[in-house]
Amino acid sequence: MSETVDLSEDLEFTCVPSLWQRKHLLGLEELTAAEIRLILDVAAQIKSATAGCRDRVSALNGRTVANLFFENSTRTKTSFTLAAKRLGGDVVDFSSNTSSLSKGETIIDTAKTLEAMNMDAVIVRHRTPGTPHLLAQNLECSVINAGDGPHEHPTQGLLDILTILEHRGTVEDLTVALVGDISHSRTARSNIFGLKKLGARVIVCGPATLVSRRWEKFGVEVAHNLDEIVPRCDVLNLLRIQFERQQTRPFPSVREYAHLYAMNRRRMAIAKDNVLIMAPGPINRGVEISADVADGEHSVILEQVTNGLAVRMAVLWLCCGPREIG
Amino acid sequence: MSRILILGGRLIDPDQGIDRVGSLLVSDGHIAAYDIPADHADAEGAVVIDAADRIVAPGLIDIGPELREPGGEEDETIESGTAAAIAGGYTAIACTPNTDPPIDTQGSVEFVLHQAARANRCRVHPIACVSKNRAGEELAEIGQLTEAGAVAFSDVDAPIHNAELLRRAFQYCSMFDRPVLNRPEVIELTRGGVMHDGDVSLMLGLSSLPAAAEDVMISRDCSLAETTGGRLHLTQVTTAGGTEIVRRAKHRGVHVTCGVSPPHFTLTDEMLRSFDSRYKLNPPLRSEMDRQAVIEALADGTIDVICSSHAPYAAEKKLQELDQAPFGAVGLETTLSLVVTELVAAGLLTWTEAIKKLSTNPACILGVPGGTLRVGAAADVTIIDPSADWRVTEHELTSLSRNTPFAGRDVQGRACCVIVNGEIKRTSTGTFSQA
């Protein structure tokens with residue numbers, strides 16, 4: 001561990017900028033473009049001030065955040081935990097793979113119990129859309145959405161955009177394709193909302209059972225043939241098939257899915273020379289992405305992971321950091 | 001002899017085609033005479049109700065409120081539910097059998113009637129199960145249930161999935177001239193669903209109940225009613241497609257009637273953007289296009305009944321994750337006001353049409369007393385203050401449960417006096433005196 005850096009000097013402000021008035025981060029749909037840019041800007045500054053999120057700073061000294069995870073998670077929980085610790089905060093974990101109701105307690109009571117231990121923020125993951133919103137209405141502390149079912153995963157959307165920004169400087173007028181299980185993907189929704197606000201062209205691509213034509217109403221291009229869109233894409237974000245959320249099997253076999261939608265060497269040959277290959281993980285090699293593409297020169301999958309830390313540090317600081325008095 | 005003289009109100013009776021100012025005398029539990037002056041010998045000793053600027057209508061009748069007793073007394077009881085009904089202007093309700101245990105035996109029908117008699121508020125007509133234990137497999141003992149007092153048959157929120165069972169139910173119920181009530185829903189299409197399938201569910205990532213699940217079942221139910229000659233009442237029709245299917249079936253002469261409740265002509269799926277489980281209903285709040293189609297079907301008579309779809313749930317049940325929270329909202333105390341505010345005041349329905357859907361048609365479908373102000377009919381009368389302005393406030397509701405999607409909403413029109421079988425069950429202050 002390197003020495004502690006004073007974030008306030010490096011970032012040239014001691015309080016959360018007045019543009020950020022939110023206590024919670026529930027989704028990207030409700031943020032303005034300026035708010036999204038602010039988070040990305042703060043994340044970039046934190047990343048450079050902390051040697052790529054390696055150094056510990058004291059921005060959240062004395063604050064405690066709770067991980068309240070009702071769905072399995074390794075990477076997101078670890079990332080939030082590290083982010084809070086790098087900012088000097090304390091972290092407690094409350095994990096349950098089942099609803100708290102199985103113990104006879106409502107989720108609100110569970111969260112209020114945690115809050116009574118003086119939490120400054122709860123980071124919530126839950127299988128049901130809107131659960132972070134339900135908690136935000138019932139708690140005094142900050143609520144950060146770490147994934148609410150297929151709805152939103154705002155820090156994932158932000159880290160994807162930050163990764164694109166680092167390579168291209170802007171997302172405006174870039175063509176970004178989200179490929180795979182759009183119906184059940186919170187990553188897809190947060191990317192769509194964030195990217196559209198920042199001026200990118202977004203394509204959603206996958207089988208018709210998982211990609212609704214309705215997205216066209218919201219200015220998103222809908223495609224079912226990956227080969228047709230690959231040559232136009234600046235970024236391909238390859239989403240995992242969320243078998244656990246599907247009520248009925250949406251395609252005949254994994255083999256057929258991979259045949260139609262896996263990003264492989266053959267499809268890389270028709271892609272742009274500087275295409276970025278992204279995946280929110282966990283990746284299924286041989287399903288949505290072949291091993292050589294996942295490990296190839298266009299892949300920025302591991303950079304996404306590092307940027308996740310930067311984005312989560314920025315979000316925690318903006319939501320729980322010191323505010324200007326009055 | 002107990003007498004009530006209702007003076008100077010606007011008498012609206014869709015059954016007789018009456019809409020005029022006049023007075024009404026109630027005597028010994030029956031409608032006795034029209035336009036008797038206060039000093040007439042027949043009015044001697046009568047309680048006089050000044051109904052100037054009020055609407056005097058046949059008592060409101062609700063098809064299908066859930067009273068939860070036995071088994072769900074934390075949500076509602078027959079006592080609290082009938083109190084809520086009276087508060088909402090109802091003189092009679094036909095309560096549903098989705099209780100625990102379900103109302104599928106003669107004894108359980110008699111229990112409901114017994115509890116209703118003890119509560120002594122509005123009339124209670126039990127609806128009994130179509131199938132034993134609401135399991136959708138074998139017919140319940142419909143003949144004996146009818147003898148015990150069941151007025152209609154329904155498996156409520158377990159829509160009759162087995163077409164053969166429904167066919168048999170239509171045939172069997174027609175022997176007793178009883179309607180089968182079904183909630184049209186193809187359950188394979190709605191499994192796991194939380195809200196209407198549309199633009200909003202797409203944005204929110206919530207699993208959905210497509211309109212087609214309702215439309216397909218309405219088609220099937222109408223076909224089976226047609227081939228058997230049975231009487232079908234669809235408790236709620238909420239889609240543009242569904243209203244059109246019913247319209248065409250009625251045109252062919254199928255014995256089908258249908259209802260809808262205020263949320264579906266007032267609100268849309270946009271409300272779910274709040275993720276508030278008070279808006280989680282089944283059938284779900286639909287799109288604006290569906291809402292407009294429902295209003296059109298109300299106006300042209302395709303939709304016969306406006307019901308409360310009263311589904312009370314204790315606060316802790318609704319205050320859960322959206323997929324865990326149960327479907328439904330209370331409605332007994334807000335239905336009349338939403339009809340007045342959203343349909344009558346908005347010029348979409350006349351008062352006569354509104355009263356017909358709230359009273360006359362339900363009485364006719366269920367074959368129960370009421371729904372008319374004819375001389376000699378049972379004296380079930382609701383007096384309405386059409387201009388009463390009030391705000392729906394959760395903690396002021398009489399129901400044990402407060403899960404209303406209309407909390408905080410300003411509405412107009414309210415029942416100010418409810419007379420059941422010639423007995424005044426509720427008045428707001430200052431509306432009556434002794435002659």
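This is a predicted model: local features need pLDDT of at least 70, side-chain atom pairs count only at pLDDT 80 or more; totals for chains, interfaces and linings use all residues.
## A tour of pockets, cavities and salt bridges

**Stop 1**

Next, colour the helices of chain A. Helix H3 (75-86), helix H6 (154-168), helix H7 (186-197) and helix H12 (301-320) each supply at least two residues of the lining. Which of these elements gives the most to the lining? The answer is H12(A), with 6 residues.

Now try colouring chain A by domain. The lining of this pocket draws at least three residues from domain 1 (4-152 + 306-319) and at least three from domain 2 (154-304). If you colour by residue class instead, look for 11 nonpolar, 13 polar and 8 charged residues in the lining of the second largest pocket.

**Stop 1: the largest pocket**

Move on to the largest pocket, which has a volume of about 1,100 Å³. Select His184(A), Arg245(A) and Gln247(A) together with Ser207(B) and Ser208(B); among the 37 residues lining this pocket, these five lie nearest its centre. Then highlight helix H5 (187-190) and helix H6 (199-204) of chain B, the elements that give two or more residues to the lining. By class, the lining of the largest pocket divides into 11 nonpolar, 15 polar and 11 charged residues.

**Stop 2: a cavity in chain B**

Over the whole structure, a search finds 6 cavities of 30 Å³ or more. The largest cavity holds about 60 Å³ of space. To find it, select its lining, which includes Arg183(B), Pro184(B), Glu185(B), Leu209(B), Asn282(B) and Arg286(B). How many residues of each class line the largest cavity? There are 6 nonpolar, 2 polar and 4 charged ones.

**Stop 3: a salt bridge across the chain**

Time to look at charged side chains. Over all chains, the count comes to 45 salt bridges, and we will visit three of them.

Show the side chains of Arg123(B) and Asp380(B), which form a salt bridge with their closest N and O atoms 2.6 Å apart. Arg123(B) lies in strand E8 (residues 123-128) and Asp380(B) in the loop between helix H13 (351-366) and strand E16 (381-391), so this pair ties together parts of chain B that are 257 residues apart in sequence. Are these two residues buried or exposed? Arg123(B) counts as buried at 18% relative accessibility, and Asp380(B) is buried too, with a relative accessible area of 1%.

**Stop 4**

Select Lys317(B) and Glu74(B), whose side chains meet in a salt bridge of 2.7 Å, N to O. Lys317(B) sits in helix H11 (residues 315-318), while Glu74(B) is in the loop between strand E6 (60-63) and helix H1 (78-87), 243 residues apart in chain B. Lys317(B) is partly exposed, with a relative accessible area of 23%, and Glu74(B) is partly exposed as well, at 42%.

**Last stop: one more pair**

Finish at Lys132(B) and Glu138(B), a salt bridge in which the closest N and O atoms are 3.5 Å apart. Lys132(B) counts as partly exposed, at 36% relative accessibility.

Definitions and conventions: Residues are numbered from 1 along each chain as its sequence is written. Chains are lettered from A and ligands numbered from 1 in the order in which they are written. Side-chain values use heavy atoms; hydrogens and water are left out. A salt bridge is a side-chain nitrogen of Lys or Arg within 4 Å of a carboxyl oxygen of Asp or Glu. Helices (H or I, at least four residues) and strands (E, at least two) are DSSP runs, numbered from the N terminus. Buried means under 20% relative accessible area, exposed over 50%, partly exposed in between (1.4 Å probe, protein chains only). On a 1 Å grid over the protein atoms alone, a cavity is a set of points where a 1.4 Å probe fits but cannot get out, and a pocket is an open set with protein on both sides within 12 Å along at least five of seven lines; lining residues have an atom within 4 Å of a point. Grid points are joined across faces, edges and corners, and a volume is the space filled by probe spheres set on the points. Ala, Val, Leu, Ile, Met, Phe, Trp, Tyr, Cys and Pro count as nonpolar, Asp, Glu, Lys and Arg as charged, and the others, Gly among them, as polar. Domain bounds come from an automatic or database domain assignment.
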